[in-house]
Amino acid sequence: MDYVPLNWGTEGEFFLRKFVSIIFLLVCTQIFPLDFPNFSLGEENAKEEFKRGLTYKNLREYSAAKERFQKAVNLKKDFHLARLELANNYYLLGEWEEALDELEILASKAKNDLLISNKIETLRLAIAGGVTEKEKVFFKTIEGDSIRGYRFRNPVDITFDEDGNFYVAGFDTSNVIKFNAAGNPIANWRGGITRKLDRPVSIVYQNQKIYIADFARDEVLVFDLSGSFLFSIGSPGKGQGQFRGPSSICFDKLGNLYVADSGNGRIQKFNSKQQFVMEITGLGNSKLVNPSGITIDNQKLYVVDKDKLQVFVFDNDGNTLETISKPEWKKPRNIRVLDNQIFLTDELTGIWTYSLFNGEWNQLPKFRDKKGVYRVLFRPFATNMDATGSLYFVDFGKHRIDIFSQKNNLLSNLDLKIESIDTSDFPNIHIYTRVKNRGGKEIVGIDRLSFRIFENDNMTPLFSLANKNKLNDKLQIAMVFENSESLKKGKLNLEDGLFPLFRSLHDTDKVTLYRAGKDSQLILPETVSLRDILAKIRDSQAEEKFNFGKASITAIKKLSMETGPKILVYLVSKEAKEDSFLQYQKSRIVSYAKAHSIPIYVLTTNPNPNLEESWSDITGPTNGKYIVLDGEGEERELYKEFKSQLDYRYILSYKTDTNPELINRYIKIGIGVDHRGVKGRDEGGYFVPEPR
């Protein structure tokens, strides 16, 4: 039977659009009118101010937009659409308390408006620091035997890429199944002609590649994300770089690969060029016999020895730091550190957790599924966690993956926000959106089919989703330096610490330099030269007081207009104090940075580790770091780390049917998303531009 494509110009399309629009309106009905209002005499200025504000917002000039929306609301008190856009701009500027005030004014006039109530709930959580509850509940099960064309049996491990896709290794079926972020299978790998998978037992994602330890082949096989074989590491044997049953693999922050070589009773370390570096065997009571699982956290290597029923903890040089054992363990298999907890899987007794904060081992209890039926892990092999904090349990014996998500994330809406609408090449429209969960984490990997676009309440069936790689091809760094004599005295540490970063910069990357002195000033608008940066710091007249607040706000404002990875970096010594943030408090800077997913890093020339805590209220909430430039190695990977802070915005593009002759006509936009059964939505709009 041939399939006949739909003719979108027929009556069928008209009725389909009307039907979908009615359904959308029934689900998302707004009792409160947020459409463009009618204006009486004397209110025309409010309309003009709103138009200017929306133009500024869609150019990402959020400060200018805020002023225009304020004027529009003052001129017409019941201009609810202007008040909503004012609240949106307050949020994008990090002025979250002010945004909440405007939303609550709207809510007082419309208690049943779902869009406004959702925005209020989300903003209150953000102001409070996000979701703190860590209770996880059963979400779904992926049965390896039930997926036609993507079958896997005896799953042994799971890993995730930066787009939210996950990869499951099947031991008995000798394959890898790739799933998208929604949990739908999209590929089935068995390897290539030259390197066919035999018995995959451990799988790790690293830098756009999938590394697989093949127990039977005595190799680590490396594939690209489409499943094409790239190269292999190792060969059968007992020499350096050879394996007898590689059972587990992991990477440290510097890109070194560690392989548990079970048959040879050792751990082998390889550098980022796949060259053998060293082996770790342990000594005396900590001598390894059959290592089956490894992981690295905070420069500690954790090794599960299946025969000795113990976990050994080694330092970077292979010295034993600690030995962990539990009499209840019968067949420990794998280990990972996830969210400040050690997860150890025992094939016979289940999953055990150990908090790195309070030092207690606990056995995870059996759990209920959505039907209330108790389920038991039959033979757990591994655990892992995705970017949203969802836990995945790999059950070897039941041929399944059990997924647990944070309770609040399953019971509440997604936080979808329209940042701007680009009409510069009208009639082509480009909508910049962010989607976050209740914990404030970006949701990655949402596919095009999960979105819906409505223009003036009519669904737009044909639209595209921008390629993430094109969005992240350049790096934007704003550096704010403490204008002090101490920072100048630390010139050598500053130069040595920043050299690896600047050596890695590309011509498409950009660094801007701001001076934080009594007054903030942009010193270098664009450079990739470390020499220029150091010269400007050297030649600046040192001061006793610093204004980090104003410099930070200026830097974030500029970064918020850019695409791609965006980083705010403080260059400090020991002199910066809390009074350096008097004009703009740290909380405002953090909110502003979080609204645009900009991490804040503090690079210091001062070796005193006690100062790290004073900066933790800025680095922690923004997913940044405090790094001492002391040559210990962490600064050597700054470029790679900065590039990993991807811009996860979704850019939805379509060609509007709006008549281009309707210049200055307001067009209402609605965006909806449904991901893993949880929904989110937002509204915005644009004015039909004048022809260029």
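A: Happy to. Strands here are DSSP runs of E with at least two residues, and they are numbered from the N terminus. With that in hand, we can turn to alanine 260, which sits in strand β11, covering residues 257-261. Please keep in mind that this is a predicted model.

Is alanine 260 buried or exposed? Buried means under 20% relative accessible area. Alanine 260 has 0% relative accessibility, so it counts as buried. Leaving aside residues up to four places away in sequence, its contacts include Gly245, Pro246, Ser247 and Ser248. Arg266, Ile267, Pro291 and Ile294 are also touched by alanine 260. For a sense of distance, take tyrosine 626: it is 366 residues away from alanine 260 in sequence, and their C-alpha atoms are 32 Å apart.

Now let us step back to the whole chain. The protein chain has 15 helices and 40 strands, β11 being one of the strands. Its C-alpha trace spans about 90 × 80 × 45 Å along the principal axes. A compact globule of 692 residues would have a radius of gyration near 26 Å, and the 28 Å of this chain agrees with that. Among contacts with a separation of 6 or more, 58% are between residues 24 or more positions apart. The chain exposes about 31300 Å², with carbon and sulfur atoms supplying 49% of that area. As for charge, there are 96 positive and 93 negative charges, and their mean positions lie 3 Å apart.

Proline 380 belongs to strand β24, residues 380-385. Its relative accessible area is 1%, so proline 380 is buried. Apart from residues up to four places away in sequence, proline 380 touches Thr345, Asp346, Glu347, Gly350, Ile351, Val394 and Asp395. Threonine 656 is 276 residues from proline 380 in sequence, and 51 Å from it in space, C-alpha to C-alpha.

What about the nonpolar interior? In soluble globular proteins, nonpolar side chains tend to be buried together. Here the largest nonpolar core has 58 residues, and those with the most contacts inside it are Phe50, Phe79, Val480, Phe548, Leu568, Tyr570 and Trp615. Helix α4, residues 80-92, gives the most to this core, with eight residues. Another core lies apart from it and has 28 residues, among them Leu475, Ile477, Tyr601 and Leu629. Tyrosine 570 touches residues including Val480, Phe548, Tyr601 and Trp615.

Finally, a few loops deserve a look for their backbone geometry. Phenylalanine 426 and proline 427 are joined by a cis peptide bond, with omega about 15 degrees. Proline 427 lies in the loop between β27 (415-425) and β28 (428-436). Serine 174, in the loop between β3 (166-170) and β4 (175-179), has a positive phi of about 50 degrees although it is not a glycine. Serine 174 counts as buried, because its relative accessibility is 12%. Arginine 676 is not a glycine either, yet it has a positive phi of about 55 degrees; its loop runs between β39 (666-675) and β40 (678-687).

How values were computed: Residues are numbered from 1 along each chain as its sequence is written. This is a predicted model: local features need pLDDT of at least 70, side-chain atom pairs count only at pLDDT 80 or more; totals for chains, interfaces and linings use all residues. Side-chain values use heavy atoms; hydrogens and water are left out. Helices (H or I, at least four residues) and strands (E, at least two) are DSSP runs, numbered from the N terminus. The radius of gyration is taken over C-alpha atoms; the globule rule is 2.2 Å times the number of residues to the power 0.38. Contact means heavy atoms within 4.5 Å. Accessible areas come from the Shrake-Rupley method with a 1.4 Å probe; for residues, only the protein chains shown count as cover. Lys and Arg count as positive and Asp and Glu as negative; His and the chain ends are not counted. The place of a charge is taken as NZ of Lys, CZ of Arg, CG of Asp or CD of Glu. Buried means under 20% relative accessible area, exposed over 50%, partly exposed in between (1.4 Å probe, protein chains only). A nonpolar core is a set of buried Ala, Val, Leu, Ile, Met, Phe, Trp, Tyr and Cys residues joined through side-chain atoms within 4.5 Å.
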